Structure formats: structure tokens, C-alpha cells
Amino acid sequence: MSCKREAKCNQCVGQTKAGTQCRRPTCKFGPYCFQHSPVEVKDAGSKGDGLFAKRDIKKNTTIGDYKQAEPLTQAQFDQRYPSGRATHVAKIGATYYDGKNPHCTIAAKANSGRGRNNAKINRNGKLVTTKNVRKGQEIEVGYGSAYRLA
């Protein structure tokens, strides 16, 4: 699996201690670089790795971008997942984005909330909080029609 991206890497939107915009590029952690990202990957017990808040995060905050994952056409998806079932793959528009490679995007590390969801992947592929999230809380999303799950 590769990290061939459709989305380009942008400049971090975080602020330095001096109050200026961070100059680091961000791909995997978009829209923030690793230092300014409000989330981190940690052990989530029986669910494997999960995405957790490093600090309090306000509702409607973008914390990741699924379009940084590997894009797949329908034919590529069908070849890789002949059963039509896959984990960590989101279909956005006509393109599938395979988040299995953790070096591509952290958005795919958000686990199923099973009704306790505090984030969603919007139509543009952005992982956005739907509630205020407290420091240490796991970021959890609902796996609905936008996802292809095992």
C-alpha cells in the first residue's frame, strides 16, 4: 500500500509560541502538523489502536482528512477486496480511500463509537468533531453508508 495522495499537503494551521502560523507541511495529520495536532494514536484495548484527544477539542473542529489515505478506483477496490468488505475504507464521491496504511492518515484510526460517536467524516472526507471532546477521550465515528466495513 502506498500513500499516493489526491489531496496535496498543506501548511499547518497551528500557531507557534510566538503567535505566527506554523511553517511545517502537513499530510498525515492535516490540517495540523504532528506537533499541533489535537489528537494522538494510542492503544484502545480490544479495538487495537485508537485516536485520542491530546487536549480539549471543540465541536466542529477538523482533526483529520480521509482524502490523505490511498485513493482507489472501483476496479482497484474490487481487486483488493473481492468480498466488497473492508475496514478503514471510506467512499467519498466515486473514490474509495483506503486508510489501512497508518503512515497516510490518522483519520482512519478513529474507531466505531457504537452509538457514542463524537466525530464524523463529512462529504469532503474531513474528520470533524460533532461534540466537544475532552482531553484523553477517544475519537469515535459512526460507521454508516459512507464506509465499507468488515
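Biologist: What should I know before we start?

Modeller: This is a predicted model, so local features need pLDDT of at least 70 and side-chain atom pairs count only at pLDDT 80 or more, while totals for chains, interfaces and linings use all residues. Residues are numbered from 1 along each chain as its sequence is written, and side-chain values use heavy atoms, with hydrogens and water left out.

Biologist: What makes the Lys47 and Glu138 pair a tie between separate parts?

Modeller: Lys47 sits in the loop between strand S3 (39–43) and strand S4 (49–53), and Glu138 sits in strand S12 (residues 138–141), so the pair ties together parts that are 91 residues apart in sequence. Those labels are DSSP runs, numbered from the N terminus: helices are H or I with at least four residues, and strands are E with at least two.

Biologist: Are Lys47 and Glu138 buried or exposed?

Modeller: Buried means under 20% relative accessible area, exposed means over 50%, and partly exposed is in between (1.4 Å probe, protein chains only). Glu138 has 12%, so it counts as buried, and Lys47 has 30%, so it counts as partly exposed.

Biologist: How do you know that Asp65 and Lys126 form a salt bridge?

Modeller: Their closest N and O atoms are 3.0 Å apart, so they meet the cut-off. Asp65 belongs to strand S5 (residues 62–65) and Lys126 to strand S11 (residues 126–129), so this pair ties together parts 61 residues apart in sequence. Asp65 is buried at 6%, whereas Lys126 is partly exposed at 31%.

Biologist: What about Glu70 and Arg80?

Modeller: Their closest N and O atoms are also 3.0 Å apart, in a salt bridge. Glu70 is in strand S6 (residues 70–72) and Arg80 in helix H1 (residues 74–80), so the tied parts are 10 residues apart in sequence. Glu70 is buried at 9%, and Arg80 is partly exposed at 32%. Elsewhere, salt bridges with shared partners join Lys47, Arg116, Glu138 and Glu140 into one network.

Biologist: How do you know that S6 and S8 pair?

Modeller: Two strands pair if DSSP finds at least two bridges between them. S6 and S8 are joined by three and run antiparallel, so they qualify. Leu72 stands opposite Tyr96 in S8. Strand S7 (residues 89–92) also pairs with S8 in the antiparallel sense, over four bridges, with Ala90 opposite Tyr97. In the hairpin of S7 and S8, which has two residues between the strands, Gly93 takes a positive phi near 70°.

Biologist: What makes a set of residues a nonpolar core?

Modeller: The members must be buried Ala, Val, Leu, Ile, Met, Phe, Trp, Tyr or Cys residues joined through side-chain atoms within 4.5 Å. The largest such core has 20 residues, and Val39, Leu51, Ile57, Tyr66, Leu127 and Ile139 have the most contacts inside it. S4, S7, strand S10 (119–121) and S12 each give two or more residues to this core. A second, separate core has six residues, including Tyr81, Ala86, Val89 and Tyr96.

Technical notes. Salt bridge = Lys/Arg side-chain N within 4 Å of Asp/Glu carboxyl O.
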